[in-house]
Amino acid sequence: MSNWQSAHPGEGLLLRLLDGELAARKARQVRRHLEACWQCRAELESLEATVAECVRYRKQVLAGFLPEAPNPWQPLDRGFDRVDAELAAAPLWKRLPRLAPAWQWGVAVLAAAALLVAAIVQLGRTPSVQAASLLEKAVAAASAHPAPVRTIGIRLRSGLTMRHTVGGAAGNWLPLPPDIETAFQAAHYDSADPLGARAFQSWRDSLPQKTDEVETESAPENPHEPCYQIRTQAAEGELASVTLLLRVADLAPVESKFEFRDRNWIEFTQVMEPPPQPDGFAVATTHEAPLRPVVPSRPAALTPRSSASISDELQVVTLLHRIGADLGDPVEVSLTDGEVLVSGAGVSPERQRQVHELLDGAANVEVRFSEPEAALIMPSAPAPATGGDTANVGIQTRLEKQLGGRAAFERFSTHVLDGNEAAMSHAYALRSVAERFPAGNEESLAAPDRVQLHQLARDHVAALETQVRVMESALAPVLAGLGGKAVKAASAPAADAQWQKAAEDTFRASRHLEVLLSVLLGVTPGQNASADLPSQTLAAMADLKAGLARCQSLLAQ
Amino acid sequence: MAAFYMSEELVGILRQEGAASALQTQVAQLFEESREDVYRYLMTLGLTPSRAQDATQEVFLRLYAALKHGEEIENPRGWVFRVAHNWGLKVRARHASENPFDADLEATLATPAHDAEYDLLERERMLHFHRAVEALSEQQKRCLFLRMEGLRYPEIAATLGISASAVGEFLRRAMARLKKVRDE
């Protein structure tokens, strides 16, 4: 703002000046303007008077008239003791940071790592021996006492369930669905005996590399019946893992689960009920409801039923996404007490109307907004980035020069910050979806729901990618002109990475880029720009793009 | 030699205990200074007085736990308000079936008998101002209340999950509205 520029700074700048939030250079410019401009000085005094009124309001109204605490304030001593006790009871790894300085930390971590390796080696051996020994005994028991006629429940990943009656002298099974049969054959697993110890033992023995786990579990149909659970993971082959549950009392197999490399699975469970024909085999195949209510998800959500499920929550989140209510509006979705609650404070009346129109009448969904009179007004655009801290003046002056003057810099800055604002809204939304449906919960979703969830996340990833491209096309040439060097993207994802983790990393990368941009453009006072800020910004952008690519690739699986 | 090691160990324990006690003193002091502010802020979020009081106590204990765990906190007061805000929203969500607490300050302010010493004109002025504050959007109000408690823009931004520039914009709109009301 030289003597040639007579534009008044405006309320926003004046308020930021009063609040000490203006970069040093800009603050100097505004102060110089104020010395010369009566109108702005009067404006500033009026703002100061309003600030003083706020202070009076806080003191007289909020402190004076809000109810006092209902009980006398208790000293925190007892609470301190509670926190100390909780921290003392926490696992060692949680307590370590407060126990020791950095070097002791290092020693402790090394020692722990050594112990861990030793434990893994030891544990790696013990379950293998246990598993082999248990299977040996189970095969012997099965040879001594052939399995009686029994009913077996079969559950597939698709949700289909069947019952077979098997056993007797022949011990025959009905043929499995052809694709499952083929998968068993490809995995070199005897499909004629999927609930038998012998087939499991043969398959396990044929594996060149495997990991065993042996635990004690209760039987699926009888919680009072203890069982051994043997789980063997194969390093390669069609079958990723097989889990067999053997009754402790007689080592009879009661359940087996097969997880294939393509994430398909099938489960066989012995059903505790008398078979329909005592001497028969392979006599009945019926399709019916799942044996155990373990999958709360359902494809046809938002249809009447007694209580809401995680699937309903997903439907609501998706519907809100369609009207853009997941981007910056303070609309909360929670699954509590059997219903999906959509709530929010300070949501604009228009948005409230849209949400009501969308969700009123949906079963098990409650829409409840508070403070309906309040109107949320989102800023039309972020305050233009102007000026910079003393230490950052250099880079911003160079930017101005490169862009062709102050006005061009302002336009550039607004353009980039607008892009960043839009990108951040999708980064927040993506993280919110990932947090709401963590990997553990996602497993319990039905296949169509999972597709829908991935589509929702992909929408945010794609929108974020678009904004990053917009920012990149503006920033890359300018940063290169400032000496910034492009860097390669971060490394590829681990094979077992989850998209939720990638979404969290992407959010962090977005935040990192936002911070660097705010320093570069002089939005955040008090933060000094390092000499390689242009390179850092390019690197942050590359990291963000790599994170987005990881999300895309994991969501496509 | 054994005695030497023993005394070293003892010194270590005493140091640790001394540090813990110093930490407790610091947190207790901040609690003493700021608890009423945090308590009031939680009521403006719609928490009932008893829940706001419990939450206030809990927030300061969390500060103690975080510090004891080795977390570096540059501005403990800002941290306390950020945690109080999030904690308050969780408490509100947990009791979403209840109406948010409303102190009905307007009615209190409009009752002259409430405080005879309170100047009538001043009361009128504050009532007018209070109505203007109440008419602000929720985000503007949050930014304003947190700013009143001394939080800087980046701290408010971190509390509300928005950018610092958005905080500046919300505050500008709030102040423009309040200035207009004050000047009327």
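**Chat about the model**

Reader: First off, what kind of model is it?
Author: It's a predicted model.

Reader: OK, start with chain B. How many helices and strands are in the secondary structure of chain B?
Author: Chain B has eight helices and zero strands. Along the sequence the pattern reads α-α-α-α-α-α-α-α.

Reader: And what percentage of the residues in chain B is buried?
Author: Of the 184 residues in chain B, 41% are buried. As for contacts in chain B with a separation of 6 or more, 64% of them link residues 24 or more positions apart.

Reader: Is α7(B) mostly covered or mostly open?
Author: Mostly covered: six of the eight residues in α7(B) are buried. Those are B:Tyr153, B:Pro154, B:Glu155, B:Ile156, B:Ala157 and B:Thr159.

Reader: What do the buried residues of α7(B) pack against?
Author: They pack against α3 (76–94), α6 and α8, which belong to chain B too. Just after α7(B) comes B:Gly161, with a positive phi of about 70°.

Reader: Switching to the contact between the chains. How many residues does each of chain A and chain B bring?
Author: Chain B gives 55 residues and chain A gives 55 residues. On the side of chain B that touches chain A, the elements with two or more residues are α1 (2–44), α2 (49–68), α4 (105–110), α5 (120–135), α6 (138–148), α7 (153–160) and α8 (164–183).

Reader: Which of those gives the largest share?
Author: α8(B), with 14 residues on the side of chain B that touches chain A. Split by class, that side has 30 nonpolar, 15 polar and 10 charged residues.

Reader: Now the strands in chain A. How does β5 sit relative to β6, parallel or antiparallel?
Author: Antiparallel, with seven bridges joining β5 (residues 239–247) to β6 (residues 253–260) in chain A. One bridge pairs A:Leu239 with A:Phe260 of β6(A). The two strands form a hairpin with five residues between them.

Reader: And what about β6(A) with β7(A), how many bridges there?
Author: Five, and that pairing is antiparallel; β7(A) covers residues 265–271. Within it, A:Lys257 stands opposite A:Glu267 of β7(A). β6(A) and β7(A) form a hairpin as well, with four residues between them, and A:Arg263 in the turn has a positive phi of about 75°.

Reader: Is A:Leu251 buried or exposed, and why?
Author: Buried, because A:Leu251 has 20 C-beta neighbours inside 10 Å, and the cut-off for buried is 20 or more.

Reader: What about A:His188, where does that one sit?
Author: A:His188 is in the loop between α7 (178–186) and α8 (197–205) of chain A. Its phi is positive too, at about 60°, although A:His188 is not a glycine.

Reader: And why does A:His188 count as partly exposed?
Author: Because A:His188 has 13 other C-beta atoms within 10 Å, while exposed needs 12 or fewer and buried needs 20 or more.

Methods:
Residues are numbered from 1 along each chain as its sequence is written. Chains are lettered from A and ligands numbered from 1 in the order in which they are written. This is a predicted model: local features need pLDDT of at least 70, side-chain atom pairs count only at pLDDT 80 or more; totals for chains, interfaces and linings use all residues. Two strands pair if DSSP finds at least two bridges between them. Two residues are in contact if their C-beta atoms, placed from the backbone, lie within 7 Å. Ala, Val, Leu, Ile, Met, Phe, Trp, Tyr, Cys and Pro count as nonpolar, Asp, Glu, Lys and Arg as charged, and the others, Gly among them, as polar.
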